[in-house]
2 protein chains.
Amino acid sequence: MDQNKIPQATAKRLPLYYRFLNNLNHQGKRRVSSKELSEAVKVDSATIRRDFSYFGALGKKGYGYNVEYLLGFFRKTLDQDEVTDVALIGVGNLGTAFLNYNFLKNNNIRIQMGFDADPAKVGTAISDVPIYHIDQLEEKMKGIEVAILTIPAEEADTVTEKLVSLGITGILNFTPARITVPDHIRVHHIDLAVELQALVYFLKHYPLKKGPVEE
Amino acid sequence: MDQNKIPQATAKRLPLYYRFLNNLNHQGKRRVSSKELSEAVKVDSATIRRDFSYFGALGKKGYGYNVEYLLGFFRKTLDQDEVTDVALIGVGNLGTAFLNYNFLKNNNIRIQMGFDADPAKVGTAISDVPIYHIDQLEEKMKGIEVAILTIPAEEADTVTEKLVSLGITGILNFTPARITVPDHIRVHHIDLAVELQALVYFLKHYPLKKGPVEE
DNA sequence: ATATAATTGTGAAATATATCACGACTTCTT
DNA sequence: AAGAAGTCGTGATATATTTCACAATTATAT
Ligand SMILES: NC(=O)c1ccc[n+]([C@@H]2O[C@H](COP(=O)([O-])OP(=O)(O)OC[C@H]3O[C@@H](n4cnc5c(N)ncnc54)[C@H](O)[C@@H]3O)[C@@H](O)[C@H]2O)c1
Ligand SMILES: NC(=O)c1ccc[n+]([C@@H]2O[C@H](COP(=O)([O-])OP(=O)(O)OC[C@H]3O[C@@H](n4cnc5c(N)ncnc54)[C@H](O)[C@@H]3O)[C@@H](O)[C@H]2O)c1
């Protein structure tokens, strides 16, 4: 049932398509063309058609795509029928922001518990998510396969080792550390400082149209 | 002085290299090879050499790269000698987390002011960053070219229009909305829910080695 | 002084992604 | 019912990025 031939670039766009299809559905739209979708998600319409085509012929020539059908298809494809539980490690500035966000609504993902090393935080709850001590990882984290890492960079390697030994398979890493994991574990990095700095770099070195490059 | 031929993929990695070179320098390391750096940043060593080579011959065969020299070079390349001021729009969960983070230290970027629509937040300061009312944008935001957008998705288009009319050139957009801007404005999207959902998708559909695909 | 080991920079090849452009088919209009 | 308009799916092509692999050069050991 697995389509290992779906390009990663396509896979990364699926959640985006899914969200916009949901929006359209809520607006009562019955059909949508790759052109319309393109304007909404800012992805070239040929790319959208190509993306969809990896899953078969989902549309109808001359008509477009049926919103409800497409939505249902992607819901299954993205496993949106079952809730995915994740753990959050590091209840600081970023971690707290995530705990206050409802990933269930649109993404069917639930942060089920948080862990921190600070005794002042242990035992509390944020948006109904209980916070445990990091030493309770083994005891509490049974069955959870995905972790969000929002701890100081210095702690990243130690905590990652623990997570790996407890059977985690995926980590969303917000620390600037490039953590080391065995081959069978997937890590996605979101490096906010790098993103910001890269944006600034692009602005200065790849100016878009207006404002010609001086000097 | 501009090198418009540097691939975007390379440009995105520059801040990463810069940070690790900084680390090495602090550790007192004098030289580093592409292989060592590769292990630290998890980027193939050939890719690193290729990336560096776009800027000329920065290394020495049989020796590697001089850390201090490379660091100095990238500091200039990344304009790390002057502070870049940015504005943050939307002082909620995420926005507050960013305000509490010091981007100055490693990235020479300063969030100089925040804006919000909530009167309870206006007039306060978070980590010494003053919060103004969104209606004061024009009055206060003079000279700032980059904005971080952390407002509700519904507000994204309206606020973006204002930002654009006030001469912003780059936006780091954390809302799930795909905002529409003129061609000369650069928008980078960081869509946290999409990132999380994409990670989950990859885990289920592209399992790495161990744990063969069932069903 | 010589041999050995390390490491760069890069042409060439491989891989990945995006876009063009059009035949085939559907829907809409009159 | 016929013609016009719209839209998909996709072969071909273009572009972007990564990786291989090796000659050239430098450093190190004996
Ligand atoms: N806040 C931002 O805007 C921002 C921006 C860029 C990068 N980051 C990175 O994200 C990470 C988190 O940032 P933050 O601002 O939320 O930091 P923070 O200091 O506010 O939060 C870190 C939390 O982790 C906890 N912690 C420390 N050691 C731990 C351990 N061993 N196990 C479990 N919990 C532990 C701390 O008690 C604290 O609550 C950092 O690595 C930071 O560099 C944050
Ligand atoms: N918090 C998360 O973990 C998370 C995850 C995924 C996506 N997001 C997205 O990031 C954005 C911010 O999320 P959040 O959790 O910080 O939301 P939030 O509701 O906590 O904060 C939004 C802030 O924007 C302010 N605001 C509303 N309208 C405004 C306007 N017109 N001008 C200026 N300020 C205005 C509000 O007063 C509030 O302080 C949202 O679009 C959300 O979908 C957040």
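The model described here is predicted. Over all chains, the structure holds 14 salt bridges.

**Salt bridge between strands of chain B**

- Asp85(B) forms a salt bridge with Arg110(B), and their closest N and O atoms are 3.0 Å apart.
- The pair links distant parts of the chain, since Asp85(B) is in strand S3 (residues 84-89) of chain B and Arg110(B) is in strand S4 (residues 109-116) of chain B, 25 residues apart.
- Arg110(B) has a relative accessibility of 33%, so Arg110(B) counts as partly exposed.

**A network with residues of chains A and B**

- Arg19(A), Arg178(B) and Asp191(B) are joined into one network by salt bridges that share partners.

**Salt bridge between helices of chain A**

- In chain A, Asp51(A) and Arg13(A) form a salt bridge, with 2.7 Å between the closest N and O atoms.
- Asp51(A) belongs to helix H3 (residues 45-53) of chain A and Arg13(A) to helix H1 (residues 8-26) of chain A, so the bridge ties together parts that are 38 residues apart in sequence.
- Asp51(A) is at 1% relative accessibility and therefore counts as buried.
- Arg13(A) has a relative accessible area of 22%, which makes Arg13(A) partly exposed.

**Salt bridge between helices of chain B**

- In chain B, Arg13(B) forms a salt bridge with Asp51(B), and the closest N and O atoms are 2.7 Å apart.
- Arg13(B) sits in helix H1 of chain B and Asp51(B) in helix H3 (residues 45-53) of chain B, so this pair ties together parts that are 38 residues apart in sequence.
- The relative accessible area of Asp51(B) is 1%, so Asp51(B) is buried.

**Helices H1 and H4 of chain B**

- The axes of helix H1 (residues 8-26) of chain B and helix H4 (residues 67-77) of chain B come within 9 Å and cross at roughly 140°.
- Because of that angle, H1(B) is oblique to H4(B).
- The crossing in which H1(B) passes H4(B) is left-handed.
- On the H1(B) side, the contact is made by Leu14(B), Tyr18(B), Leu21(B), Asn22(B), Leu24(B) and Asn25(B).
- On the H4(B) side, the residues are Val67(B), Glu68(B), Leu70(B), Leu71(B), Phe74(B) and Arg75(B).
- Sorted by class, the contact of H1(B) with H4(B) has eight nonpolar, two polar and two charged residues.

How values were computed
Residues numbered from 1 in each chain as written. Chains lettered and ligands numbered in written order. Predicted model: local features only at pLDDT ≥ 70, side-chain atom pairs only at ≥ 80, totals over all residues. Heavy atoms only, no water. Axes fitted to C-alpha atoms, helices over the stretch in contact; angles between N-to-C directions. Helix = DSSP H or I, 4+ residues; strand = E, 2+ residues; numbered from the N terminus. Parallel < 35°, antiparallel > 145°, perpendicular 65-115°, else oblique. Left-handed = near helix turned anticlockwise from the far one by under 90°. Contact = heavy atoms within 4.5 Å. Nonpolar A, V, L, I, M, F, W, Y, C, P; charged D, E, K, R; others polar. Salt bridge = Lys/Arg side-chain N within 4 Å of Asp/Glu carboxyl O. Buried < 20%, exposed > 50% of the residue type's maximum accessible area, 1.4 Å probe, protein only.
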